[in-house]
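Take a look at the model below. This report covers a helix pair, a helix residue and a loop residue.

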Amino acid sequence: MTGIDLLAKKLAFIATCVRELRQLSRPEHIADDIREERFVAHTLQIAIQAALDIASHIVSDQRLGEPRTNRELFDLLQRYGWLPPALIEIMRQR
């Protein structure tokens, strides 16, 4: 069984990162403010890492396969019904 508490904690962390980016970031200043650039980059990086941790945990726990890349983690989650195909398409565009 997947560690529900761990996944819930990581999902809450991602939600916090997104909320902070929406509330605190000033995208118009990224080009000329190194602190702004690093705040946005770091916050995105830690949110993405949490998403990768969640994906890896589910793929491993549910024995969905052995992905060779991070992209394959999310492909496996989509293939086995954990993520909708539309979300995977959006992720591929980014």
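## A helix pair

α3 passes α4 in a left-handed crossing. Left-handed means that the near helix is turned anticlockwise from the far one by less than a right angle. The helices are DSSP runs (H or I, at least four residues), numbered from the N terminus. The axes of α3 and α4 (residues 85–93) come within 9 Å and cross at roughly 165°. α3 is therefore roughly antiparallel to α4, a term for angles over 145 degrees. Axes here are lines fitted to C-alpha atoms over the stretch in contact, and angles run from 0 to 180 degrees between N-to-C directions.

Arg71, Phe74, Asp75 and Gln78 in α3 meet Pro85, Ile88, Met91 and Arg92 in α4. Contact means heavy atoms within 4.5 Å. The residues of this contact are four nonpolar, one polar and three charged.

## Where the model comes from

This is a predicted model: local features need pLDDT of at least 70, side-chain atom pairs count only at pLDDT 80 or more, and totals for chains, interfaces and linings use all residues. Residues are numbered from 1 along each chain as its sequence is written, and side-chain values use heavy atoms, with hydrogens and water left out.

Thr43 sits in helix α2. Leaving aside neighbours within four places in sequence, Thr43 is in contact with Cys17 and Leu21.

## An exposed arginine

Arg63 lies in the loop between α2 (34–61) and α3 (70–79). Its phi is near 55°, a positive value in a residue other than glycine. Arg63 is exposed, with a relative accessible area of 75%; exposed means over 50%.

Key: Helices (H or I, at least four residues) and strands (E, at least two) are DSSP runs, numbered from the N terminus. Buried means under 20% relative accessible area, exposed over 50%, partly exposed in between (1.4 Å probe, protein chains only). Angles under 35 degrees count as roughly parallel, over 145 as roughly antiparallel, 65 to 115 as roughly perpendicular and the rest as oblique. Ala, Val, Leu, Ile, Met, Phe, Trp, Tyr, Cys and Pro count as nonpolar, Asp, Glu, Lys and Arg as charged, and the others, Gly among them, as polar.
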